[in-house]
Amino acid sequence: METLEQIQARLTAEFPAARLERVANESAAGQPSLVVDHAHGQAIARWLRDDPALRLDYCSNVTGVDWLPLETSTKTRVKKVVDGVEKEVEETVKSVRPGYLEAVYHLYSMSLRHGPVILRLRTADRAVGAPVPSLTPVWRGAEFQEREIYDLFGIVFEGHPDLRRLLMWEGYQDHPMRKDYAEPDDYEYEPTPHDEVLEKAGKHAAAEVRP
Amino acid sequence: MLGEGIIKGMAETARNFLGSYHDAARLTTVEFPEDKIPAKESARNFPFLVHDGEDAMQGLRCVACQICEKECPPKCIFIIKDTNKKPDYVGKLQFQPKVFDIDVSVCMSCQICVEVCPFDAIKMDTDFELGGSDRFGGLLLNKRRLAKPNSYYHTIHPTEAAEVDGRLAAEKAKVEAKAKADAEAKAKAAAAAAAAKAAAQTTPPVVASTPAAVVTPAK
Amino acid sequence: MIADLLNGIGLLLWRVVSDQPDAKGALLPVLPAVLQPVVSAVLSVAPIIGVFASLFALTTLLERKGLGRIQNRLGPNRVGPFGILQPAADGLKMLTKEDIIPRSADKVVHFLAPVCLAVPTLLAFAVLPYGRNLVPLDLDAGLLFFFAVGASTELSIFMAGWSSRNKYSLLGAMRAIAQMISYEIPLIVSSVTVVMMTGTLSPMHIVEHQAGFIWGFIPHWYVLTPWGFAGFVIFTIASLAESNRSPFDLPEAESELIAGHLTEYSGFKYALFFLAEYLGMFAISGLGVTLFLGGWHAPLPGLEWIPSFVWFFGKLVSMVFLFIWIRGTVPRLRVDQLLNLAWKFLLPLALINLVVAAVWHFTAVWTFPGALVVRWLLGAALIGGPYVLLGSALSGAKKNTLRVYRYAT
Amino acid sequence: MSESELLSAPAPTAMNYEIRPKPAGTSDAEVGGELLEVAMGPHHPSTHGVFRMDVVLDGEQVVKLKPVFGYLHRNHEKIAENTTYLASMPYTDRLDYLCSMTNNWAYALSVERLTGLIPPERAEYIRVITAELTRLVNHTCLIGFLLQDMGALGTPLMYAFRQRELILDLFESLSGSRMMCNYMRFGGCRADLPAGWLEQAAQVVGGYGQFLDEFQALISENEILVARSQGVGVLPAELAINSSITGPMLRASGVNFDLRKADRYGIYDRFPFRVPLGDHGDVYDRYMIRLLEMRESVKILEQALREIPAGPIIDPKAKIRGFRPKAGEAYGRIECPKGELGFYLISDGSPNPYRYRVRPPSLINLTVLEDMCLGQTVADAVIILGSVDIVLGEVDR
């Protein structure tokens, strides 16, 4: 199979307007991935599916990832004039990468037996209901998995034919797989050594009484 | 022909019907309370704490390191360290658990506590007839109920227990040998020092004394 | 007086056991004339209820044990020795269960349904000849009575399904209606062959027609003639369907409709349904024994000294065991296939079987040596040909064949 | 093809989620009757657990079917993200509780992809042996369940369970537990084979052929089974591929795709087994493919039990305490009996995975449930569901 660089080059040639970004993978698996922009998401997916050299007809795995805002501090040596003397000073630059949600698609080819090509679709921010384009019209196999992501992460898939909650019930408000999800403490309590649950419930009750 | 497959199937069921009267491979039922299948050596149900010697609380191998508590997938182990220490099998002073509870209503018998325990202190029991009438307290086993002697461990997992005992004995031997060697070396050093001291009065020391090589038993 | 009574009872029992006629006549004259009709009725009804209720208990045990053995299990063996008291335990359990009526159910109909099922089922036993001189009611049109009474059970199943106000119950009831009406026809047509041959509708006379032995050892039962065999097979299949037994247990199809029309029944009412279903099965097996298996006749000459009702019940239990065996083997049909089987296979076969029976009847005049074998083969060909043709048409309509699979390496 | 053309090209399958038009030739009940909505499940005898199908019926015919999930949802992924890598291993047993060995393997394989641990030879053989035994267990159970759904009153199921017990005994003496094995570890296996295990396994495997023959004689030619299952719940190959169907269900539709061949993970390239393929994609094919796959598994097992070498069973680099993979991500997948079971892991260098995702074959194979059931009867819907082979522990996770 072509490497991701080659695929990206061909995609850039095919879709000049598309913004593509390669994400390296440091692990032993060495499965790099490609971030695709929303406007071209479906078209690129279709092209990947139908391209005779790739024929990624099989969308194996679709999942969401919740990336919290990441604060990174980089130390740089900057030349600065301190007290009239130019000196090299170490300076810490803090940068906050904004959080976002991500839908990851693992694509394989059943007919050519290669893969994976990993596509990522990123939302603009971590807001509930942040949209990404749905790839279900391209691969039906993404249907339930996108519903699951909508359910557990709160990403809305635009163009999904039947976007409902999959695992949690209708009317449930939260999205449990988000990293900032707080467990509810109103479920039936059974005495176990895990008294922290009780403790939490007590705190919750107290917080409700206070205002 | 229509009906052939059904007749074939009926012949098969008839064979099983008759077979169940004489063929033990077909009628595999074991009538439980009267007959029991002996527990397999590797079987596991809920964990217990191994203790050496007669006194369960004194002989507990557990040193309250809390690794199992941390690694337990359903978080059913609950440990509070005691402030007083007690000597372990090699005589080294170690912490001991003040509270060691396992909530067997939560425990999923995965054996990970056994695997992560560096002290061979927690092992899996094979006893499964644990019915009781108290759903809450009865399922929360404290360290007294968990403690079982090493001999019991030998009866349920003989191979594994022998291996563990061998390892512990080897370790103990190693420690003892080391202690012995240390003591010898110390004595030697002291003697050498004394000799040196004595010699120092005449000539300055030339060779620094080296401790005797420690014999490490093969693991 | 007491001595007369005891003497009468003793004589009655002796006459029953020794197959003598007019057993009731031994006791009735002893009693005052006012009591005679009542006692006569009780003497007919009580044994039926008693015997068949205990047979029901025994059969549930036999079924569970037999199915257990077929499935390589032991079956119930905890209550009493060999689990013999299991039916009592089951019965007690059923009786002590809460009787639940769904809030939105039609309460009257919901209550009446099991009663309406049990009563006609019991009525059907009135015309079956259990022994040589043992028939509660020797009706001239006994067969007609049997089918008329049997047909009324469909109504109660629909009552149960409809009144429960449960979707599964309703689906089950609809299936039951379709199934029972469809299978009534092959059931009756296959019995008509026997009526044709014997010229009587009285079960008693039908059994008497099957007396004697060919060549001294082959019993003269109808099942051993080509038309009788075909008729018996059709009758058995149809009676499986009529008694809602596997593979025709669609109305209560457990894996699809939970319990069909029984979904909303519990406790005693459920037990009554259960009882009625087994009684229905006994009644229809009893009819099968009467029509095709020679009723109470012994299978071999020289065995007549054994009381005739023993043979009847022996055959009945064998039929029931066959039902259990089938139940332990086959999967369930789908509703359209069930109806196809009735209308496109069993009914044409049953009609052809009438012709076969006629041929058998009119070739009875052949007297050349080996005529019996020739007649037999002719009859077998006449029914076997259509069987093969209809069978392949039924299974070949959808090109159902055993398949060969390819492999990739 | 230009971009606009690509976008306007029709999707390969109709995605109309209203009540779909009935397939041609099945509609004959337009007499003004009402449709019947039935919620089959979550407490229904043949939904294999707490699964629900919201079915709209026209008489007995299914005109709409929506699967409803989540009754067994316990957010396995969240639990795993809050605990260490090792502690998730026993939780994977509970995904598809019939096939804990393959679940273990899939997870261990993904972690090995993430960290670069390499299981030693003997461990690879043990993995193949246990995985193929698991395949036997699963397929044996499945055909039993399927026939139970078809109304065969427990007999095939009991025969299947009788045979399955023998394998569970093997699992018990190997791992200590019959179903929740928790046996594999990152870079190998937990315990070596006990003495005499291989002989016992060879005996069980040797007897399997006879069991399959008996089972085939019992039911495979049964006219009722044939009538019930042939031509029912047909799944075309294109739809199957596009819907990410995997496992025996895909192969019953005629697609030659088996991860044991396609990925050759572990040491499957050493086993010359064959992959049975169906031509019709109906319930009967799905049933028969499983039976035939078992025969191939028996061959694999015979070879593996013969060739298994001595040696260590775990990578010496593997750590049981303080396991922290480098930051990165990995997706590992194996051919579990139900289809492709994948684990997608993102590590941020901490002892707990940052993201832990299970690709559940049972759930994804249900994507086409409605397509297969439309126009069929309720009774068919039940066996179609049975032939998909789901375990709710995995569907709902």
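How many helices and strands does chain C have? I started my notebook there, keeping in mind that this is a predicted model.

**Entry 1: chain C as a whole**

I counted 15 helices and three strands in chain C. Next I looked up its radius of gyration, which is 23 Å, close to the 22 Å that the globule rule gives for 409 residues, so chain C is as compact as a globular protein of that length. I also noted the span of its C-alpha trace along the principal axes, about 90 × 70 × 40 Å. Of the 409 residues in chain C, 50% are buried. I then turned to contacts with a separation of 6 or more, and found that residues 24 or more positions apart account for 73% of them in chain C.

**Entry 2: a helix pair in chain C**

Two packed helices are described by the angle between their axes and the distance between the axes. I looked up both values for helix 10 (residues 226–242) and helix 13 (residues 308–327) of chain C: the axes come within 12 Å and cross at roughly 65°. Angles of 65 to 115 degrees count as roughly perpendicular, so helix 10 of chain C is roughly perpendicular to helix 13 of chain C. I jotted down the hand as well: helix 10 of chain C passes helix 13 of chain C in a right-handed crossing.

Which residues of helix 10 and helix 13 of chain C meet? From helix 10 of chain C I listed C:Phe232, C:Thr236, C:Ser239 and C:Leu240, and from helix 13 of chain C their partners C:Met319, C:Leu322, C:Phe323 and C:Ile326. Sorted by class, this contact has six nonpolar, two polar and no charged residues.

**Entry 3: a helix pair in chain D**

I moved on to helix 5 (residues 121–149) and helix 15 (residues 378–388) of chain D, whose axes come within 9 Å and cross at roughly 175°. Helix 5 and helix 15 of chain D are therefore roughly antiparallel to each other.

Is helix 15 of chain D mostly covered or uncovered? I found it mostly covered, with eleven of its eleven residues buried. Among the buried residues of this helix are D:Asp380, D:Ile384 and D:Leu385.

Most residues other than glycine have a negative phi, and most peptide bonds are trans. That sent me to two more residues.

A:Arg113 has a positive phi near 55°. I located A:Arg113 in the loop between strand 6 (100–109) and strand 7 (114–122) of chain A. Its relative accessible area is 33%, so A:Arg113 is partly exposed.

For B:Lys75, phi is also positive, near 55°. B:Lys75 sits in the loop between helix 3 (67–71) and strand 2 (77–81) of chain B. With 34% relative accessibility, B:Lys75 counts as partly exposed.

**Entry 4: how the chains meet**

Which chains have the most contacts between them? Among the five pairs of chains that touch, I found the most contacts between chains A and D. I checked chains A and C too: no contact joins them, and their closest C-alpha atoms lie 14 Å apart.

Notes:
Residues are numbered from 1 along each chain as its sequence is written. Chains are lettered from A and ligands numbered from 1 in the order in which they are written. This is a predicted model: local features need pLDDT of at least 70, side-chain atom pairs count only at pLDDT 80 or more; totals for chains, interfaces and linings use all residues. Side-chain values use heavy atoms; hydrogens and water are left out. Axes are lines fitted to C-alpha atoms, for helices over the stretch in contact, and angles run from 0 to 180 degrees between N-to-C directions. Helices (H or I, at least four residues) and strands (E, at least two) are DSSP runs, numbered from the N terminus. Angles under 35 degrees count as roughly parallel, over 145 as roughly antiparallel, 65 to 115 as roughly perpendicular and the rest as oblique. A crossing is left-handed if the near helix is turned anticlockwise from the far one by less than a right angle, and right-handed if clockwise. Contact means heavy atoms within 4.5 Å. Ala, Val, Leu, Ile, Met, Phe, Trp, Tyr, Cys and Pro count as nonpolar, Asp, Glu, Lys and Arg as charged, and the others, Gly among them, as polar. The radius of gyration is taken over C-alpha atoms; the globule rule is 2.2 Å times the number of residues to the power 0.38. Buried means under 20% relative accessible area, exposed over 50%, partly exposed in between (1.4 Å probe, protein chains only).
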